[in-house]
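These are my notebook entries on one protein model. I set down what I looked up, entry by entry.

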Amino acid sequence: MATREVRALDKKTQILRAARGVVMDGGFQELQMNAVAAAAGIAVGTIYRYFPSRAELCSAIVSTVSQREVDVLSGIAVAEGEPSQKVRDAVRAFVLRAMRGKRLAYGLIFEPIDPEVESTRLKYRRAIARVFETIIREGVAAGEFRELRVEVAATCLVGAFMEGLISVLAPGAAGFPARPEEFADSIADLCLAAVAKPGRLLVEQRPIGASEPIALKKP
């Protein structure tokens, strides 16, 4: 890669990192170009060279952070293990990561946002649903899950565990769970019960390693 391209990539990464920090502190409502410029230590005009509009910058943040979450869930989906455990692990990982990056996660999932950015958000929500389709399809084939429409079930699961987070992610929420692990377990168990065959015992609860804070790594 040419030196000029490397410098451009580094500058773009610098801008995205600063913009993400602004969103983590105050949500997308606080994402103004002057605030990002101040956080990045650059001129506002420099930002516009890489992101011609605020909406494009917002979309880039949603895309970068959401893809990381898709990658985490995809890793769980292709790992060894029973589909039942994968459902729990995937839901639990998403919930714990979201709670550890509370303000940014709220912005990525719930915060009112520009229509242009909303399309990017929905794109990655569908990508997450496709990961769960893979797990559910495997579970049906293995006899662990009921016969059902996989696409519908996956979409419903994603809606369920995301909606379950709003009470703890929303600004001004009544309170944060004293035991986040137990909160994540409750949501994961409900999601598993939605697809498991009636009478089938739920898998044993166990901690997983994918509980890293959401989007705290460099893009």
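**Entry 1: helix α10**

I began with helix α10 (residues 180-195), which has 16 residues and reaches 24 Å from its first C-alpha to its last, close to the 22 Å expected at 1.5 Å a residue. The expected span of a helix is 1.5 Å times one less than its number of residues. Helices (H or I, at least four residues) and strands (E, at least two) are DSSP runs, numbered from the N terminus. I note that this is a predicted model, in which local features need pLDDT of at least 70 and side-chain atom pairs count only at pLDDT 80 or more, whereas totals for chains, interfaces and linings use all residues. Residues are numbered from 1 along each chain as its sequence is written, and side-chain values use heavy atoms, with hydrogens and water left out.

I then looked up burial in α10. Phe183, Ala184, Asp185, Ile187, Ala188, Asp189, Cys191, Leu192 and Val195 are buried. Buried means under 20% relative accessible area, exposed over 50%, and partly exposed in between (1.4 Å probe, protein chains only). The cover over the buried residues of α10 includes α5, α7 (115-142), α8 (150-163) and α9 (166-169).

**Entry 2: the whole chain**

I next recorded the overall make-up. The protein has ten helices and zero strands, and from the N terminus on its elements run α-α-α-α-α-α-α-α-α-α. Of its 219 residues, 48% count as buried. The accessible surface comes to about 10700 Å², and 54% of this belongs to carbon and sulfur atoms. Accessible areas come from the Shrake-Rupley method with a 1.4 Å probe; for residues, only the protein chains shown count as cover.

Among contacts between residues at least 6 apart in sequence, 75% join residues at least 24 apart.

**Entry 3: the nonpolar core**

Which residues have the most contacts inside the largest nonpolar core? I found Leu31, Leu57, Phe132, Phe161 and Leu165, in a core of 72 residues. The largest share of this core, eleven residues, comes from α4. A nonpolar core is a set of buried Ala, Val, Leu, Ile, Met, Phe, Trp, Tyr and Cys residues joined through side-chain atoms within 4.5 Å.

Not counting residues up to four places away in sequence, Leu165 touches Phe94, Val95, Ala98, Met99, Ile109, Phe110 and Phe183. Of these, Phe183 is among the buried residues of α10.

**Entry 4: α5 against α6**

Two packed helices are described by the angle between their axes and the distance between the axes. I read that helix α5 (residues 83-100) and helix α6 (residues 102-109) pack at an angle of about 115°, with their axes 5 Å apart. Phe94, Ala98, Met99 and Arg100 of α5 make the contact with Lys102, Ala105 and Ile109 of α6. By class, this contact has five nonpolar, no polar and two charged residues. Ala, Val, Leu, Ile, Met, Phe, Trp, Tyr, Cys and Pro count as nonpolar, Asp, Glu, Lys and Arg as charged, and the others, Gly among them, as polar. Axes are lines fitted to C-alpha atoms, for helices over the stretch in contact, and angles run from 0 to 180 degrees between N-to-C directions.

I checked the two helices separately. α5 has 18 residues and reaches 26 Å from its first C-alpha to its last, close to the 26 Å expected at 1.5 Å a residue. α5 is mostly covered, with 17 of its 18 residues buried. α6 is mostly covered as well, with seven of its eight residues buried: Arg103, Leu104, Ala105, Tyr106, Gly107, Leu108 and Ile109.

**Entry 5: Ile109**

Why does Ile109 count as buried? Ile109 counts as buried because its relative accessibility is 13%. Leaving aside neighbours within four places in sequence, I find Ile109 in contact with Phe94, Arg121, Met162, Leu165 and Leu169. Ile109 and Leu122 are 13 residues apart in sequence and 9.2 Å apart in space, C-alpha to C-alpha.

I looked up Ser66, placed in helix α4 (residues 54-78). Ser66 counts as buried, at 11% relative accessibility. Apart from neighbours within four places in sequence, Ser66 is in contact with Leu108 and Tyr124.

Ala60 is also placed in α4 and is buried, with a relative accessible area of 17%. Leaving aside neighbours within four places in sequence, Ala60 is in contact with Leu16 and Phe51. The C-alpha atoms of Ala60 and Ala19, 41 residues apart along the chain, are separated by 9.7 Å.

Last, I turned to Thr46 in helix α3 (residues 44-50). Thr46 counts as buried at 12% relative accessibility, and touches Lys11 and Ile15, not counting residues up to four places away in sequence.

Key:
Contact means heavy atoms within 4.5 Å.
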